[in-house]
Amino acid sequence: MTQQTPAFDAGSALSALRQSEASVRRATNPNPPILYLLWGTVYTLGYLAVHAALFGWLPMNLPLALTIFAALTAVGAAISAALGAHAGKGLRGESRRRGMFYGLTWASGMICVGFIVIALLRLYLESATVIWLSSVIATLLVGVLFAAAGAAFLDRFIFFQGIALLVANVGTLLIGPGPYVLVGWLAACAVLFIGAVIAARRTTNRMG
């Protein structure tokens, strides 16, 4: 008897592909509602502290404000790393590598931003100008990475969130380093908070 070769099941193949893609998403963006809420809070408190020090509406000097911002960022990074490690435990092979490369892209981008900030400090610009330019560069990077991730995973939500961050960043750039720069900063933070609400609803719908 001739053994028949099983017919190719396009539906099963598509389902397997989607499951693999979902696994990578969980590893590269674990628990989006918590992460969006976390980083929205980190940047809101950090920007408020820096703005208060720059423009004197709270009795706080700039080194203290920057220390608070740095401490908040460190806490946010630690929590994000812990969530990412937990979410990526079960990944193997190509999915694990894709998640690792995506994480390395974020890390290398942030390190580059740090070197750019150091270069700006060496130009002896006013503190408000250095912080304004640093925030614009950092938000540009985050917006581009969000949009790129949305394009790679064909996820309109992540893509348009990246575009929204870029639009808010253009506003910050146009406002300049004056007191009203807080409007642009908080607009970018609002994108993250809105993202937390939308991501929570998406998660609830998938579970339902």
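Colleague: How many residues has H5, and what span does H5 reach?
Modeller: H5 has 26 residues and reaches 38 Å from its first C-alpha to its last, close to the 38 Å expected at 1.5 Å a residue. Helices are DSSP runs (H or I, at least four residues), numbered from the N terminus; the expected span is 1.5 Å times one less than the number of residues. This is a predicted model, in which local features need pLDDT of at least 70, side-chain atom pairs count only at pLDDT 80 or more, and totals for chains, interfaces and linings use all residues. Residues are numbered from 1 along each chain as its sequence is written, and side-chain values use heavy atoms, with hydrogens and water left out.

Colleague: Which residue with a positive phi follows H5?
Modeller: Leu 154, with a phi near 55°.

Colleague: How many salt bridges are there in the whole structure?
Modeller: The search finds 1 (a side-chain nitrogen of Lys or Arg within 4 Å of a carboxyl oxygen of Asp or Glu). The side chains of Arg 202 and Asp 155 form that contact at 3.3 Å, N to O. Arg 202 lies in helix H7 (residues 181–207) and Asp 155 in the loop between helix H5 (127–152) and helix H6 (156–175), so the pair ties together parts 47 residues apart in sequence.

Colleague: Is Asp 155 buried or exposed?
Modeller: Asp 155 is buried, at 6% relative accessibility, while Arg 202 is partly exposed at 25%. Buried means under 20% relative accessible area, exposed over 50%, and partly exposed in between (1.4 Å probe, protein chains only).

Notes. Helices (H or I, at least four residues) and strands (E, at least two) are DSSP runs, numbered from the N terminus.
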